[in-house]
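Please read the following report alongside the sequence and the coordinates, and treat it as a description of a model rather than of an experiment.

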Amino acid sequence: MRCIIANYAFDLTVREVTDAMSGVTPEPITGPSVQIGRRVYPVKQVGAVITRQDRRDFTAGEVTRAMKRLGFTCHPAPTATASEAVETASELLGKPADS
């Protein structure tokens, strides 16, 4: 199937995408994702692997659209409540010492 990603035309097949992603370890999911086989990958990671372009050159929407047209299952970005976001940020920054 022909699709446009980052203003370049690509002829992609399900087999080519599956083969390209085999052996690639999925990165943590922080945005939209796509299920390829038994694994779930961020769409930006898939786009970088199949196009060999920098992730800044294309949008997640372009890759999501192409993956859906090929028949892959795509998932929206995970949502977090405000309190979960604050807790996560606190853990990443290190909790202040109790006084």
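The protein averages a pLDDT of 89, with 94% of the residues scoring at least 70. Among the elements, strand β3 (residues 33-36) has the highest mean pLDDT, 96, whereas helix α4 (residues 82-93) has the lowest, 78. Where pLDDT is low, the predicted coordinates should not be read in detail.

The protein contains four helices and five strands, and from the N terminus on these elements follow the order β-β-α-β-β-α-α-β-α. The radius of gyration is 17 Å, well over the 13 Å that the globule rule gives for 99 residues, so the protein is more spread out than a compact globule. Taken along the principal axes, the box filled by the C-alpha atoms is roughly 60 × 30 × 20 Å.

Of the contacts with a separation of 6 or more, 50% are accounted for by residues 24 or more positions apart.

Two residues deserve a look at the level of the backbone. Most residues other than glycine have a negative phi, and most peptide bonds are trans. N7, although it is not a glycine, has a positive phi of about 65°, and R52, also a residue other than glycine, has a positive phi near 60°.

| Residue | Loop | Relative accessible area |
|---|---|---|
| N7 | between β1 (2-5) and β2 (8-11) | 73% |
| R52 | between α2 (43-51) and α3 (60-70) | 76% |

N7 thus sits in a loop that joins two strands, β1 and β2, and its relative accessible area of 73% makes it exposed, the cut-off for that term being over 50%. R52, for its part, belongs to the loop between the helices α2 and α3, and with a relative accessible area of 76% R52 is exposed as well.

Conventions: Residues are numbered from 1 along each chain as its sequence is written. This is a predicted model: local features need pLDDT of at least 70, side-chain atom pairs count only at pLDDT 80 or more; totals for chains, interfaces and linings use all residues. Side-chain values use heavy atoms; hydrogens and water are left out. The radius of gyration is taken over C-alpha atoms; the globule rule is 2.2 Å times the number of residues to the power 0.38. Contact means heavy atoms within 4.5 Å. pLDDT is the predictor's confidence in each residue, from 0 to 100. Buried means under 20% relative accessible area, exposed over 50%, partly exposed in between (1.4 Å probe, protein chains only).
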